[in-house]
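This report describes selected features of a predicted model.

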Amino acid sequence: CSKVLKEQPRSIYTPAFFQTKTGVLGGLTEMYSHLRYIYGQAYYYNTCETGTDEATYGQSADGNFKVMDMTGQGVIDATTSRSDAIWNTCFTNINTANGVIQYGTSAGVDSSLTSEANFFRAFDYFLLVQTFGGVPLDLGSGDLQFNINPVASSVRNTVPEVYTKCIFPDLIRAVNNLPMSARLTGTITKPVAQLYLAKAYLTYAWWLKNPNNIPTYPAAERTDPDGHNAQWYFQQAYAISTNAIENPGIYGLQPTFYDVNNGANDRNNEIMLYADHTQTSQQYNGSSLTYGSGGAPDNFAGWMLTWNYPNIQSSSSNSSWKAVNSVQRASLQPLGRPWVRMAPPIGVFTNTFADKTNDSRYDGTFTTVYHGNWNLAGISGSLYNANNMQVSPGAPILTFLDSEPSTAIDYSNSVYKSNVGAGVLPGRSDFVIDPNGISRIVYPGLWKLGPYRTDNGSGLGNPNAASTRPFNIDKFSELFFVAAEAAIEGASTTSVTGTYANDGTARGLINIIRARAGKWDYDNNGDSAKIADNSAAMIAATPATITIDYLLAERSREYYGEGYRWFDLVRTQEWANLASSYSICGNNYGDHTPQTITRTIPAYLYLRPIPQGQLDAMQVSEAIKTAYQNPGYQ
Amino acid sequence: QDVSAVLHGHVTDSTGKPIGSASVLNEKTGKGTFTDPSGDFSVNVKNGQVLQFSYVGYQTKKVMYSGQTNLSVVLTQNGNGKLNDVIVIGYGTQRKEAVTGSVASISGDKMREVPSANVSEALQGRLPGVSISQTSSQPGATMQIRIRGTRSLTANNDPFIVLDGIPFPGSIGDIDVNNIKSIDVLKDASATAIYGSRGANGVILITTYKGVPGQEPKVSINSYYGVKKVLAQFPMMNGPQLAALRLAAGKFISQNGTITLGADESDSTNTNWQNLLYRDGLVTNEDVSVSAGTKNGSYNFGASYYKDQAVIPTQNYQRFSLHGSVDQGIGKYVRVGFTTNSNYNITEGSQVGLYGALSNSPLASPYNADGSIKYFITTTQDQSWVYTKKVVDSLKNQWLSENKGYASYNSAFGEIKIPGVEGLKYRVNVGLNINIGNSGSFTGEGVNSTNPTAPSTASIGNSVGTDWTIENLLTYDRSFKKSRLNVVGLYSSEQNRYHSTYISGIGIPQDALQYYNIGTASQEIDVLPANQNYWQRGLLSWMGRAMYSYDDRYFISATVRSDGASVLAPGHQWHTYPAISAGWNLTNESFMKSLTFINFLKLRAGFGQTSNQAVSPYSTLGLLSSNPYNFGDATYANGYYVSTLPNPNLGWEYSKTWNYGLDFTILNSRLNGTVEYYLTKTNGLLQSVGLPGTSGVGSYVANVGNTQNKGIELSLNGTIIQNLNGWTWDAGVNLSFNRNKITALASGVTSDQGDGWFVGYPINSIYDYQKIGLWKNAADSASGYLNTLQPGGNVGEIRVKYTGGFNADGTPVRAINSDDRQIMNADPNFTGGFNTRITYKGFDFTAVGIFQNGGILISTLYGGGSYLNLLTGRRNNVNVDYWTPTNTNAKYPKPGGQMSGDNPEYASTMSYFNGSFLKISTMTLGYDFAKDKWLKKATISQLRLYFTVQNPFVLFSPYYKETGLDPETNSYGDQNQAVSSYQHRMLTQGFNTPTTRNYLLGINLTF
């Protein structure tokens, strides 16, 4: 009788599983798995790039991208802002971390492991506090407690509370307990925790300093509950980051910038944290190996800054124009799937990456030369391209020039028909576009995030799959930038010893990065080996005094298009200064006249709106909901 | 002289309708038989003996045998015109005149006037208060049944099905329509209370044919064959129309101002991709059954085959069924029997979707210069794999999806009359069911991919469901003078168990292996934790019911039931609820005698409670979900997080229903009808409550909120012409008005926007911006403050309702935002059905129709979810009347305007249409040759040929008028779209298999 009414689940886990050792370890795996819902998610990626000086919307942009541009194409609000992507993901993971921390010890899990949960709880709160301002520490069962209470209300803590009650203590615990070596490929270590602690101190120091009087929410005095001032935190950031540089453990700088981002060299020792993916298992990759539908946990961010290059056509005949798609969609790092949702403004090419000769980072960031690959699609023979010249597979078909050519480009396409509106220079078999001719529809692709597969065989592979590469979140190189930024803001410096010895000044630290940027072992767009060391020229070009603007430009050269930019500009409060206008050519093929567009970046935008989904699900009065929202969006 | 003869005969009512199950008794010998459903009987009789013909509600007639052959007997109704039907109620039958609850019935014959694949389809529009909606247009799909509206938010709203007295846990599609004798639907709580927690959503009692004791073997053969033609293609643009749209949108424009074309497009091409895909479908049904009586017993068995082949290549459904029943008396006190229904069904072809055929550019040709089919086509921004009927047919061994189901539903009973106590019986029912599913799919290398070397994939799923039920019943049934008493006591227990596994693999080395050996997968074998399922649920019940009638004037029925369910939290598992109802037959009162135009009049009232435990097992315990992860290329692990919180207080969701009814028969029994009013209040709704993101947990299951349904039902059946020069014309109509609303949500809040629920509004509400037109021209854009309300918006775009305030100068204070969303009721004002039947000599003509007034039809084809109304010219577009500077009165916005995602801003507002329609679902013309004399001699009692057209007409439908499409839904809210955009519960029209018009030719033969 009573047997009939008894329940014993056999195919699912209930929350009680979290109190077992296996459950706690599964919770730890989730710490890493949740990164995929943030990094590589293109709509979120968009919020970190579009609207900064690194990106604007592209020709095929939809509202998700246009509103982020702040140029009258829609308004950022609780519904349109795509920062919602991290809200639920972070809080769910924070709760998992709460569970691991709460039950780990009694389940017999070592503190070096549970400290990973401390790290990720701080990681998520750090992400949230930078994006939204103060966020709740109590999910329903008390501050930082594993939630077993279904509550449909929420109270936000202030920014200093989130930092001092959670982020700092958690990261300090992680720094103290984590090992120097990774437990598994890609798991976190003490230096990773140091990098985050240094970044958190740096960011909080800026918040206390508040140079441009950007509002915070919920309202809080710019005083530290722990009694320190901005200066103290800048100094801490400097001390911790230089300490990590001196004791890098398993991490270090790659010989060249190209090596850092080369797909064949993924998970190299410069990458400290990444959201992993793999082509070896569709199940554990978490997304299809053949066709991505454009949603988390797919790594599809790279599609956004990829223009529709497969439209490039050449001719199979030299007597009349018989179109053949000469650069086909392929799962190769320079190519990949084109969504044309975002585009780089011209300033990226004329200012940020003004030096394309000494500095290898331009060549290691963009696809500027599109090489013919029609042979991979089973089309044999040669084709005819610009100036009716014969081209073979592998030859450049379209090139974005490094600088303005001395001879004017013929964009008329009256004879040789670039159907993507590219132009012709005398004697060149490739179509060309000059830096000032870059438009929302045709622009250099983002090579860094392009796909890399080893299963293409002799064909084009699976270009419509999401990238199976890990999405890089943080690099060893950032320690130099963090220390330099702290130094610029007044941290007293001491010389740095070890592998990366330097005088410890902002200039000294930055020059380590710039010297490396001058080293070449491969000409990416020329697709050939190139051994060159322009380190001396790079260092010579470094200004005597590093300003915060110079540091930000250097960060953009190092991390262009990787999702750092919005945080950098917001932390330093330089967003409105650096991104208020940009220029780019229009939406149509053949548009080569730059237009300058002005952005409106009021101070309230420095905090993203609380997502509508949160407000909708809260069962509280309208007044409370309104007060929950950030000012400017209420 | 004294030789016993076998007399054949036929019993009808005064209108000539055969009376089945009438008793034929030889007064001398005391032996007898019953008429079959065609009214026919055979009985042994000697000259001079008297035969007594009787049937409930009719005057008994006596005929002396004097050597007649083919005796025709006409029974006339009792003087006061009592209703003659016997209604199946839970755990017994009842004369219709004594029914006090709300029960709607239809005979199998009447139901089969609509040739259909399954019971749900056959019942559409036939019974008041029973609303049946299409959820898929694919072959083999069953429909959604709602009795008196929707009451649960997330718990099950499906009615409880009882097959031959035993709970039926399978799909209603597993029941062979040909074998059904009658269907009785219990609608109110006083009728369903006997089923307790199973009955909250109404109960459908299905009775299959049994033989009749003493009946000679009778064979019935039913067969039809038909072709299916696409009713209307989806209204996509042709080549010139798409070219014009692309130009107007300005998103794909070349340097010289003309439209850009993909490598496979040309502006002189005009491909109709739907023509290349569709074929003619076919549908056929063959059924044979034999029934007979034995001494003190009867049996029935039969077999049937049904096949429905869709207009989409390879898509089809086949079902093989076997059924049998035996009922045998043993001695004076014991009766035993069993019923078995088994079927094997195969569904194929779900891999072929329609999106490609609809979205492919008509400017692109599928053919290479040499006439062969291209592998894929490249358009301006997309590539798509090319599939046509030819391609799909040629790939039938490389691209397939199959579902095979085997189900066996069996029940056995034993009944003992307790000696010494007249009217007391003990009965035990045992039900044993098994349901086995096996699904497999295979996609060969490069198939359905633009990459010719995309690896092959295969998957296989297996499931087994088993159920057992034991019911112990004690029945006491007696008449005392004018009183009649029936008491039933029940103790029952049941358990359902389900287990399924699903495995997929990548890189099957050889096409011939298909999905049969996933172990061979060379690249990867995936066994995702989320795809393996096991559950078990149990229910214990006690029930008692007493029915009492006095003098055929006063009726009362009272029930108490107590249920315990395993799926609820310990301490909250048991619930007890009562029901009571009463009826008053005014016709039998002396003061009514003078009102001769009233043949029958009864008033009924009832109140009862029922409950719902239809949440998934383990809902009280909470849930961990898992996410896979790789640490590098070689280390794999699963992460876990809490997705559902436990709820140790989860208890019953229960409904209280009040029901008032009036049954009448007037005008010389030519018109009868029923009017009912009901009110159902459901409390403690079981639902998954979405939590705010800051909870760190997605949801929990709780008893939260209340709903209410109230409504009026009306049904009328009349004989308009009664045997006038051989013509008879019957017609029936039913109407249902249901008003549903949520009366409370969690802890006093008035809205749950995440789930789309609002207090005071129906469960089926749409929460969205409300389109009020377009920003027609510059002048109205300026006066309407387009720039303020919709920054970045342009003239010609969708204008939605603004609900914010205005500044002193008349300008709006803010831009349009989420606060401007409106709650829109999607439920219809009323629904109903009608049927009519005209007979003349051997000819019969029937038509059955359904209708709906009001409500919102969500056609995702026109909204944002389908990606078929992008209005950019990127892919093919539904052919809509869009805004241009010279066409400012258009319904649809300016192409290429402000975008939200890939769609026009506020695209969802384009998917709402007025849901009204009237549809003739079938028309049938038949001729019965058995009226001819020579066939009677051949002992053939029926030989009927008929021709049926299904879906002949759609009328009064604004949607049909604009689009030419069937206005019935064909998908759940999250299906058949490129991006799912509605809650699953909302029925929508998406790009599912097209509706067809079917032409059937059939035969019914009985001998």
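## The largest cavity

The lining of the largest cavity comprises 37 residues, and those nearest its centre are B:Glu121, B:Gln134, B:Gln950, B:Asn951 and B:Asn998. Two or more lining residues come from each of these elements of chain B: helix H2 (119-123) and strands S17 (218-230), S19 (297-309), S48 (843-853), S53 (917-928), S54 (942-955) and S57 (996-1006). Helices (H or I, at least four residues) and strands (E, at least two) are DSSP runs numbered from the N terminus. The space in this largest cavity is about 610 Å³, and its lining divides into 16 nonpolar, 15 polar and 6 charged residues. In this classification Ala, Val, Leu, Ile, Met, Phe, Trp, Tyr, Cys and Pro are nonpolar, Asp, Glu, Lys and Arg are charged, and the others, Gly among them, are polar.

Across the whole structure, the search finds 17 cavities of 30 Å³ or more. A cavity is a set of points, on a 1 Å grid over the protein atoms alone, where a 1.4 Å probe fits but cannot get out; lining residues have an atom within 4 Å of a point. Grid points are joined across faces, edges and corners, and a volume is the space filled by probe spheres set on the points.

## Basis of the model

The model is predicted: local features need pLDDT of at least 70 and side-chain atom pairs count only at pLDDT 80 or more, whereas totals for chains, interfaces and linings use all residues. Residues are numbered from 1 along each chain as its sequence is written, chains are lettered from A and ligands numbered from 1 in the order in which they are written, and side-chain values use heavy atoms, with hydrogens and water left out.

## The second largest cavity

The second largest cavity holds about 340 Å³ of space. It is lined by 26 residues, of which A:Tyr39, A:Lys199, A:Gly563, A:Tyr564 and A:Phe567 are the closest to its centre. At least two lining residues are supplied by each of helix H2 (42-49), helix H5 (111-132), helix H7 (190-209), strand S13 (471-475) and helix H16 (565-571) of chain A. By class, the lining has 14 nonpolar, 5 polar and 7 charged residues.

## Helix packing in chain A

Helices H5(A) and H7(A), both of which contribute to the lining of the second largest cavity, have axes that come within 11 Å and cross at roughly 30°. Axes here are lines fitted to C-alpha atoms, for helices over the stretch in contact, and angles run from 0 to 180 degrees between N-to-C directions. H5(A) and H7(A) are therefore roughly parallel; angles under 35 degrees count as roughly parallel, over 145 as roughly antiparallel, 65 to 115 as roughly perpendicular and the rest as oblique. Their crossing is left-handed, a term used if the near helix is turned anticlockwise from the far one by less than a right angle.

Helix H4 (residues 84-104) of chain A also packs with H5(A): the axes come within 9 Å and cross at roughly 150°. The pair H4(A) and H5(A) is therefore roughly antiparallel, and the crossing is left-handed. The axes of H7(A) and H8(A) are 8 Å apart, at an angle of about 160°. That angle makes H7(A) and H8(A) roughly antiparallel, and H7(A) passes H8(A) in a left-handed crossing.

## Backbone geometry in the loops

The loop between H7 and helix H8 (230-246) of chain A contains A:Pro218, which is joined to A:Tyr217 by a cis peptide bond with omega near -10°. A:Asn210 lies in the loop between H7 and H8 of chain A as well, and its phi is positive, near 50°. A:Asn210 counts as buried, at 12% relative accessibility. Buried means under 20% relative accessible area, exposed over 50%, and partly exposed in between (1.4 Å probe, protein chains only).

Another cis peptide bond joins A:Ala296 and A:Pro297, with omega about 5°; A:Pro297 is in the loop between helix H10 (282-285) and strand S3 (313-315) of chain A. A:Asn413 has a positive phi near 55° and lies in the loop between strands S10 (396-400) and S11 (431-433) of chain A. A:Asn413 is buried, with a relative accessible area of 13%.

## A covered helix

Helix H12 (residues 478-488) of chain A is mostly covered, with 10 of its 11 residues buried. Among them are A:Phe480, A:Phe481 and A:Val482, together with A:Glu478 and A:Glu485. A:Gly490, with a positive phi near 110°, follows H12(A).

Definitions and conventions. 1 Å grid on protein atoms, 1.4 Å probe; cavity = no way out; pocket = protein on both sides within 12 Å on 5 of 7 lines; lining within 4 Å.
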